[in-house]
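Please read it with the structure open.

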Amino acid sequence: MLQIGKKVFWLAATTLVFASCGPKENKLGHDIPTELIVRFTEGTLVEPEAGSINVRPSAFKPNPAMKPFIAHLTSAHGGDSFTYLPGDSAVRLKKGVWYRIENFLFDSKYNPISDQIMKPDQIERHQFFFNLMSRGGVVSKGLSYYYADTTATQFIESPVGLNGYIRIDQEKEEPEIRIMLIHVENGTKYEADGKPNPFDKPSPRVLEFGDLSTVVPFEYRK
């Protein structure tokens with residue numbers, strides 16, 4: 001398992017440089033994600049004006065004294081059966097501190113597929129959601145989050161969530177971050193008012209189908 005984890009991490013590090021293989025012909029329009037790498041980088045964030053859901057990458061400054069924390073999750077078939085694989089060290093997050101959170105998706109052969117989600121027709125169907133969990137239950141207002149997705153040439157206003165910024169706002173027992181990637185089969189992720197769902201409150205409509213749902217356990221760092 002450790003060797004597999006290292007291989008997937010290397011792929012994650014090169015995902016932004018190399019394009020993935022083209023999607024298979026299926027009704028999803030992209031390959032099925034069966035491996036997920038989540039990378040947390042500590043730093044400081046200049047928050048946008050009230051009501052904004054997006055923030056540009058230039059607003060974040062990483063802390064050079066802190067190495068990123070890596071979480072590796074795997075699934076035989078994708079969906080809700082992702083398993084967290086403990087690495088060399090636990091994910092340790094500090095309350096009230098901003099982290100860049102990056103989600104790297106791979107297929108069953110460890111080919112990176114994140115760029116498939118960022119195709120124009122897929123952007124309007126996909127959105128990541130995040131919740132703080134404690135003992136298996138959702139903590140209301142447990143964390144803050146901003147979307148920060150980009151392509152090779154532009155900043156994406158539509159919230160996807162492969163890249164973003166997250167802050168833990170409460171300390172709870174047995175904490176986990178729940179990560180869900182919804183995939184709207186019919187229509188788009190936008191509601192009747194033309195707005196997307198908040199990062200922590202997906203509507204029943206968009207929850208009808210998803211590409212993954214998993215949790216990342218973590219420890220609080222003082």
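**Notes on the predicted model**

1. Start with a charged pair. The side chains of Arg 205 and Glu 191 meet in a salt bridge, 3.2 Å from N to O. The pair is described as linking distant parts of the chain, although Arg 205 and Glu 191 both sit in the loop between β11 and β12, 14 residues apart. Arg 205 counts as partly exposed because its relative accessibility is 30%. Glu 191 is also partly exposed, at 25%. Keep in mind that this is a predicted model.

2. The overall picture comes next. The chain has 222 residues, and buried residues make up 49% of them. Its secondary structure comes to three helices and 13 strands.

3. How many salt bridges does a search of the whole structure find? The search finds ten. One of them joins Glu 42 to Arg 221, with the closest N and O atoms 2.4 Å apart. This pair spans 179 residues: Glu 42 lies in strand β1, and Arg 221 lies in the segment after β13 (219-220). Both Glu 42 and Arg 221 are buried.

4. A further set of charges forms a network. Salt bridges link Arg 39, Arg 100 and Glu 102. Between Glu 102 and Arg 100, the closest N and O atoms are 3.8 Å apart. Glu 102 counts as buried because its relative accessibility is 6%. Arg 100, at 25% relative accessibility, counts as partly exposed.

5. Asp 149 deserves a look. Asp 149 lies in the loop between β9 and β10. Asp 149 is buried but has no salt bridge. The nearest side chain of opposite charge is Lys 189, 7.0 Å away. What does the side chain of Asp 149 have within reach of a polar atom? The backbone nitrogen of Gly 161 lies 2.7 Å from a polar atom of that side chain. The backbone nitrogen of Asn 163 lies 3.1 Å from a polar atom of the Asp 149 side chain. Leaving aside neighbours within four places in sequence, the contacts of Asp 149 include Met 118, Phe 155, Ile 156, Pro 159 and Leu 162.

6. His 126 is another buried polar residue to check. His 126 is in strand β7, residues 126-134. Is His 126 buried or exposed? His 126 counts as buried because its relative accessibility is 0%. Its side chain makes a polar contact of 2.8 Å with the side chain of Asp 211. A polar contact of 3.2 Å joins the side chains of His 126 and His 30. Not counting residues up to four places away in sequence, His 126 also touches other residues, among them Ile 117, Pro 159, Leu 181, His 183 and Lys 189.

7. Now the sheet around β11. Strand β11 covers residues 175-183 and is mostly covered, with seven of its nine residues buried. β7 and β11 pair in the antiparallel sense over nine bridges. Within this pairing, Asn 131 has Arg 178 in β11 as its bridge partner. β11 is also joined to strand β12 (residues 210-217) by seven bridges, and these two strands run antiparallel. Leu 181 stands opposite Leu 212 in β12.

8. Which residues touch the most other members of the largest nonpolar core? They are Val 38, Phe 40, Phe 130 and Ile 166, in a core of 37 residues. The elements giving two or more residues to this core are β1 (35-45), β3 (69-74), β6 (98-106), β7, β9 (143-147), β10 (163-168), β11 and β12. A second, separate core has eight residues, including Ala 59, Phe 60, Tyr 146 and Ala 148.

9. Last, Phe 130 in detail. Leaving aside neighbours within four places in sequence, Phe 130 is in contact with Ile 101, Leu 143, Tyr 145, Ile 166, Ile 179 and Phe 199, among others. Its contacts also include Asn 103, Gly 161, Arg 178 and Asp 200.

Definitions and conventions. Residues numbered from 1 in each chain as written. Predicted model: local features only at pLDDT ≥ 70, side-chain atom pairs only at ≥ 80, totals over all residues. Heavy atoms only, no water. Helix = DSSP H or I, 4+ residues; strand = E, 2+ residues; numbered from the N terminus. Buried < 20%, exposed > 50% of the residue type's maximum accessible area, 1.4 Å probe, protein only. Polar contact = N/O pair within 3.5 Å; in protein donor to acceptor, adjacent residues only side chain to side chain. Contact = heavy atoms within 4.5 Å. Pairing = 2+ DSSP bridges. Core = buried A, V, L, I, M, F, W, Y, C linked by side-chain atoms within 4.5 Å. Lys, Arg positive; Asp, Glu negative; His and termini not counted. Salt bridge = Lys/Arg side-chain N within 4 Å of Asp/Glu carboxyl O.
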